Amino acid sequence: MIRTFVTVMLKEIVDNLRDRRTLLTVLVFGPLFGPVFYTAMMNTVINKRVADLDQPLQLPVAGTQFAPDLIHYLRAHNTVIQAAPPDPRDAVRTGRKNVVLVIGKRYADAVRAGKPAPVELVMDRSRDAAAKDVDRARDLLQEYSRAIANLRLLARGVDPRVVTPVVIEDADVSTPRSRAALILGMVPYFFLFAAILGAFYLAIDTTAGERERGSLEPLLGTAAPRAMLVAGKISAVAVFSVVSLALDVLAMYWCQGLIPAAKLNIAAGFTPWSSILSFLVMIPFCAFIAALLCVVASFTKSYKEAQTWLSFIMIVPLVPVLATVFNPTEPRLWMMLVPSLSQDLLITALIKGEALSGAFVSVSVLSTLAGGAILMWLAVRLYGREKILG
Amino acid sequence: MIEIRDISKHFGSVRAVQHVSFTAPNGKITGLLGPNGAGKSTTLRIISTVLRADAGTVMVDGTDVASAADAVRLKLGVLPHASGLYPRLTARENIRYFGALNGLPRAQLERRIDDLIGMLQMQEFADRPAKGFSQGQRIKVALARALVHEPNNIVLDEPTNGLDVMATRALRDIIRKLRDQGRCVLFSSHVMQEVAALCDDIIIIAHGRIVARGSPDALRAQTGEQDLEEAFVKAVGESPEVVS
């Protein structure tokens, strides 16, 4: 019995190690897709969002002659005043300029009369890349406005604090690590993805592929017990899934060093220990997904058909994960009953540096393994039917 | 010895096999002859335990196929109609896998594989991946795979399909060799000449029923035709009347 199981498992592993596409998926594409995509994306986002305050603001201004004081103030506050383009609106619309400040004669008149003086800030809100410059320009103008207001109040003998009844002080209670969780929120998704992709081709090859090659009937004609055949196949699939996952966790740990986390003032999310724990809580999911993909692929008649179905099925475990992205909730015990969701929540907790609840981990591990066992039982039943030969 | 008693099998409304009975004795080659779709493969699949008969019994060396399928599988060497190999494994690895699944101890298995490679003249391609094999090479590997556990009963479903003349002759020699070792060989074909050249007993099957049986000579006498092919056509064409 055990020998049959080991024989089948080893055969499937050796057989599929010789398949270049499977190897590429398990060793390269599955594990590296997440980290590479993630690193590239994070670098882009961070560089866009975090204003580099050392760099002077490049601000095209039209009508500098109407507001010499303002221009002086801007220059004194790390701004390089550029000549405005002839058509500011067009320049901003086409993206040649991020923002243009337009000062008209009305401004000079209003300042002289002591009335609110209008300046025009030409911007395009739909352009994320311009947001940084727009915000800086607006902040500078408001600071200037406040400074002038304070001077006017003082000139009239009024304490400027009178007009500042409320002061908002930001008290951010997020720790650097919990801020990291926000950034690293996609990581559990990538772990799940790597585990699924690692299982993908093997699940097809050992089931639908076996049938399509015509090797299934001879195989079922051997004295090997069906349960051992099925268990051996699913285990081989799970092994590939675990390998893909392990590489993904390693790659992710390494890649987080490439993200300029310091710019966001966050500490990195993964310690070596939390990486290992994440890997361990994911292992039951590898067994579960191996059984799920094998069962589904067993229903199909050909490699092609199996690919179509599995491409659809591989999205299913990601649905609860996406649900938490759009609707973040506190983990509850019942959520640990849901494979993929439970792993997602546990890894998220690990990234935040929170201690894992023993009850949560046990329920997650046991329920996921139980799900896998039920699916394996289903597969054994399936291979006991005559119809399996198609 | 394979004994079939009154088996029937239907798929939905299609009655694939109806009341088929025959015995394939040891030391003889029994040919199951019939046109495509006659029920040959279904009959052989019931014997090889991958299908279950709706009615009737099949005994292999006295063991019931339905109640002791695992024991029967060890007594049977089967070359099914669809007999694919694992393309990324070598011929030797393909055979070894099946030997291990049938529970052969390692040392004995390796000896047995070497014997089979010699007997089937596979030395040249034994350690190449099966991917680029010719149909003849593929059949040899599939046959070796079926014989690796030294079964007394050998079931071959249209083994010569797609083989060239030389490969067919080689396969016939192997089948005779197995017969001369005292084994029971049961094989199916839709080619008259094939069966005539090889078989000691012929069973002609059409529309799921046996329509004629006997040695090649007896069949000629039974149908009153000198040419075996004519005898076959007559037997198949007149199936409703010639139920034996």
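**Notes on a two-chain predicted model**

1. Let me start with helix H3 (residues 91–101) of chain B: ten of its eleven residues are buried, so the helix is largely enclosed by the rest of the structure. Here a residue is buried if 20 or more other C-beta atoms lie within 10 Å of its own, exposed if 12 or fewer, and partly exposed in between, with C-beta atoms placed from the backbone. Helices (H or I, at least four residues) and strands (E, at least two) are DSSP runs, numbered from the N terminus.

2. A word on conventions. This is a predicted model, in which local features need pLDDT of at least 70 and side-chain atom pairs count only at pLDDT 80 or more, while totals for chains, interfaces and linings use all residues. Residues are numbered from 1 along each chain as its sequence is written, and chains are lettered from A and ligands numbered from 1 in the order in which they are written.

3. Back to H3(B). Its buried residues include B:Arg92, B:Asn94 and B:Arg96 as well as B:Ile95, B:Tyr97, B:Phe98 and B:Leu101. Their cover includes H1 of chain A, along with helix H4 (106–119) and helix H5 (135–147) of chain B. Just after H3(B), B:Gly103 has a positive phi of about 80°.

4. Now the contact between the chains. Chain A contributes 18 residues and chain B 24 residues, where contact means C-beta atoms, placed from the backbone, within 7 Å. On the side of chain A that touches chain B, helix H1 (2–17) and helix H10 (216–220) are the elements that give two or more residues. The largest share, four residues, comes from H1(A). By type, this side of chain A has five nonpolar, six polar and seven charged residues (Ala, Val, Leu, Ile, Met, Phe, Trp, Tyr, Cys and Pro count as nonpolar, Asp, Glu, Lys and Arg as charged, and the others, Gly among them, as polar).

5. Strand S1 (residues 2–11) pairs with S2(B) in the antiparallel sense over seven bridges. B:His10 has B:Arg15 as its bridge partner in S2(B), and B:Phe11 stands opposite B:Val14. The hairpin of these strands has two residues between them, and B:Gly12 takes a positive phi near 60° there.

6. What is the radius of gyration of chain A? It is 30 Å, whereas a compact globule of 390 residues would be near 21 Å (taken over C-alpha atoms; the globule rule is 2.2 Å times the number of residues to the power 0.38). The C-alpha trace of chain A spans about 100 × 45 × 30 Å along its principal axes. Chain A has 16 helices and four strands, and 39% of its residues count as buried.

7. Finally, the largest nonpolar core has 150 residues; among the members touching the most others are A:Ala195, A:Val237 and A:Ala291. Such a core is a set of buried Ala, Val, Leu, Ile, Met, Phe, Trp, Tyr and Cys residues joined through C-beta atoms within 7 Å. Its largest share, 17 residues, comes from helix H11 (residues 226–255) of chain A.

Definitions and conventions. Two strands pair if DSSP finds at least two bridges between them. Two residues are in contact if their C-beta atoms, placed from the backbone, lie within 7 Å.
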